[in-house]
Amino acid sequence: MDLMDRFRQGDRRALARLITHVENGTPVGRAAMRELYGATGRGRSIGVTGPPGTGKSTLVDQLASVFRKEGLRIAIVCVDPSSPFTGGAILADRVRMRHLQDDPEVFIRSMASRGALGGLSRATGSVLKVLDAFGFDVILLETVGVGQGEVEVVREAETCLVIEVPGLGDGIQAIKAGILEIGHVFVVNKSDNPGADRVAEQILTMLSLNPVPPPWQPPVVQTVATKGAGVEDLARQVRRHWEHLDAQNLRREHLGRRRIADLAEILKCRALGAASQRVLSRPEYSELRRKVELGQMDPYEAADRLLPFDGIEEWRLP
Ligand SMILES: Nc1nc2c(ncn2[C@@H]2O[C@H](COP(=O)(O)OP(=O)(O)OP(=O)(O)O)[C@@H](O)[C@H]2O)c(=O)[nH]1
Ligand SMILES: [Mg+2]
């Protein structure tokens, strides 16, 4: 039986293998995405981001347990944009989530930037779709929040949780501007440490400075993930956000934006493929390449001769 048949029958090993194909952009992975695409858009995705060590994995684990009790099927994806390898932190996550791993309705997967075609966020988007098509009700996506890369990754999820903790220096500085815009629910974890109330107040103040009040006012939840305190409340806020998305038709908008991003990526790959074929078919290619290599011609000059410049240098799709 082929991989897709086994995938459709709910075989987890087939799922894991298919994800690897999709991550690596193999022909099998591409064909699978094409086949699966129509079956996506059902599962809920929750992005979880925040500085290193703030308790994201512990919270994801707790949140997954709450949803499990409600009978939902859960997938957890840990994305590490900084590491080209599957590193120690992710191994630690696996240990921490061991009790979830024994649950046949919970699927845990790590992703690193290695091999991701079209950038990590597109690869993440594709993996979310595979999990969605497999039938998971909730897909939790953990990523360490430090830069633009993570912001792009969590944008793939329809609900974004931003985790902060007390004691990371001045709270205001620790909460980056870009992060405020993507958060739907803010979590002050490690609220057993001093200063949690202050961090929560600072977040609320910063949110209130937003000149155009958004239709969704992001709540701030305090948690102690290690004890499970506040996690029920967090799950409730996530559900509230789902209801908001559904009521305002925002879910459809979110999915629409993701689909356009997919179209852009497919077109980009094809355009690049077509351009590289044109270049490689030019008889003077190897000679020009050699000249560039030896420093006898600058790469701009060689590029002008191989692919005449028509003034369009930016890839954009409105
Ligand atoms: N005191 C306290 N410790 C916590 C809490 N939540 C998590 N921790 C501890 O904080 C440490 C880091 O937790 P993780 O869940 O691995 O944090 P993370 O954000 O996933 O870490 P990275 O993925 O490495 O960025 C662990 O030792 C946890 O036990 C909490 O609410 N209070
Ligand atoms: Mg973690």
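Reader: Is K190 buried or exposed?

Author: In this predicted model, K190 is buried, because 25 other C-beta atoms lie within 10 Å and the cut-off for a buried residue is 20 or more.

Reader: Where does K190 lie?

Author: K190 belongs to the loop between β6 and α11 (196-208).

Reader: And what is the phi of K190?

Author: The phi of K190 is positive, about 55°, although K190 is not a glycine. As background, most residues other than glycine have a negative phi.

Reader: Which residue follows α12, and what is its phi?

Author: α12 is followed by N249, with a positive phi near 65°. N249 is likewise a residue other than glycine, and its place is in the loop between α12 and α13 (250-280).

Reader: Does N249 count as buried or exposed, and why?

Author: N249 counts as exposed, because it has 9 C-beta neighbours inside 10 Å, and the cut-off for exposed is 12 or fewer.

Reader: Let us turn to α12 itself. What span should α12 have, and how far apart are its end C-alpha atoms?

Author: Helix α12 (residues 231-247) has 17 residues and, at 1.5 Å a residue, should span 24 Å. Its end C-alpha atoms are 24 Å apart, which agrees with that expectation.

Reader: Which residues of α12 are buried?

Author: The buried residues in α12 are V231, L234, Q237, V238 and H241. They cover an arc of only 115° around the axis and are therefore on the same side of α12. In general, an α-helix has 3.6 residues a turn, so residues three or four places apart point the same way.

Reader: What covers the buried residues of α12?

Author: The cover includes the strands β1 (44-50), β5 (159-164), β6 (185-188) and β7 (220-222), together with helix α4 (56-69).

Reader: Which residues are exposed on the other side of α12?

Author: E243, D246 and A247 are exposed there.

Reader: A change of topic: at what angle do α2 and α3 pack?

Author: Helix α2 (residues 12-24) and helix α3 (residues 27-36) pack at about 105°, and their axes are 7 Å apart. The two helices are therefore roughly perpendicular to each other, because angles of 65 to 115 degrees count as such.

Reader: Which residues meet in that contact?

Author: From α2, the residues are L18, H21, V22 and N24; they meet V28, G29, A32 and M33 in α3.

Reader: How do the residues of this contact divide into nonpolar, polar and charged?

Author: In the contact of α2 with α3, five residues are nonpolar and three are polar, with no charged residues.

How values were computed. Residues are numbered from 1 along each chain as its sequence is written. Chains are lettered from A and ligands numbered from 1 in the order in which they are written. This is a predicted model: local features need pLDDT of at least 70, side-chain atom pairs count only at pLDDT 80 or more; totals for chains, interfaces and linings use all residues. Axes are lines fitted to C-alpha atoms, for helices over the stretch in contact, and angles run from 0 to 180 degrees between N-to-C directions. Helices (H or I, at least four residues) and strands (E, at least two) are DSSP runs, numbered from the N terminus. Angles under 35 degrees count as roughly parallel, over 145 as roughly antiparallel, 65 to 115 as roughly perpendicular and the rest as oblique. Two residues are in contact if their C-beta atoms, placed from the backbone, lie within 7 Å. Ala, Val, Leu, Ile, Met, Phe, Trp, Tyr, Cys and Pro count as nonpolar, Asp, Glu, Lys and Arg as charged, and the others, Gly among them, as polar. The expected span of a helix is 1.5 Å times one less than its number of residues. The arc is that of the directions from the helix axis to the C-beta atoms.
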